[in-house]
Amino acid sequence: MSSNDHPHILIMGACRGIGRQCAEAFAARGARLLLADIDSDALSELGEQLGATTRYCDVASEASVTVFAADALAHFPELDMVINAAGGGYERTLGMYRVSRALLPALRKGRQRNILLNVPPSPEHAQDEIFPYASSQQAFHRLCAALAAEARGSAVRVLIGHSENDHLTEVFPDRNAGFIAD
């Protein structure tokens, strides 16, 4: 397998939880990784450990996502997969949408599976956050459906990962920005 055959994968929220598990699993399979997180020290350590490129990004800040996306697109103009697992509650929902929209051009150019995988905020965040609707599963699903509509006509598949049962659900566009699962 040549180095061109290895998928290019970006993982947001790579330093802990499901993001870290994905980073370790894909690194073990030889993927070229771009890891992003808000924890610079842990990110540097993880990047060194996995031989991955790392970049700081605070998904709660639109400016941070804009700077990150420009840098990511300059270094990885083609992405095969983006995994959004950064932040919690409304930060996860809004960050997922910001990052996804900014990186759709690179996913469209990807050579392999072209997957946008979004991990929803945990249900307990819905009651704790300042913006409860933005922290809700419904808001997360509706924004994923909006991303599926933006990706329509391309090879990009929008998926939602359910970490509690290791299940993936494909999201399809809905003219009412609703959620339709297969």
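Predicted model: local features only at pLDDT ≥ 70, side-chain atom pairs only at ≥ 80, totals over all residues.

Reader: Which residues in α4 and α6 meet?

Author: From α4 you have R92, T93, M96, Y97, S100, R101, L104 and R108. On the α6 side they meet A139, F140, L143, C144, A146, L147, E150 and A151.

Reader: And how do the residues of that contact divide into nonpolar, polar and charged?

Author: Ten are nonpolar, two polar and four charged.

Reader: OK, switching to S136. Where is that?

Author: S136 sits in the loop between α5 (125-128) and α6 (137-151).

Reader: Is S136 buried or exposed?

Author: Buried: its relative accessible area is 14%, and the cut-off is under 20%.

Reader: What does the side chain of S136 have a polar atom 3.1 Å from?

Author: The backbone nitrogen of A139.

Reader: Back to α4 then. What about A106, buried or exposed?

Author: A106, which is in helix α4, counts as buried at 1% relative accessibility.

Reader: Which residues is A106 in contact with, leaving aside neighbours within four places in sequence?

Author: L73, F76, P77, E78 and L79. As for D80, its C-alpha is 8.1 Å from that of A106, with the two residues 26 apart along the chain.

Conventions: Residues numbered from 1 in each chain as written. Heavy atoms only, no water. Helix = DSSP H or I, 4+ residues; strand = E, 2+ residues; numbered from the N terminus. Buried < 20%, exposed > 50% of the residue type's maximum accessible area, 1.4 Å probe, protein only. Polar contact = N/O pair within 3.5 Å; in protein donor to acceptor, adjacent residues only side chain to side chain. Contact = heavy atoms within 4.5 Å. Nonpolar A, V, L, I, M, F, W, Y, C, P; charged D, E, K, R; others polar.
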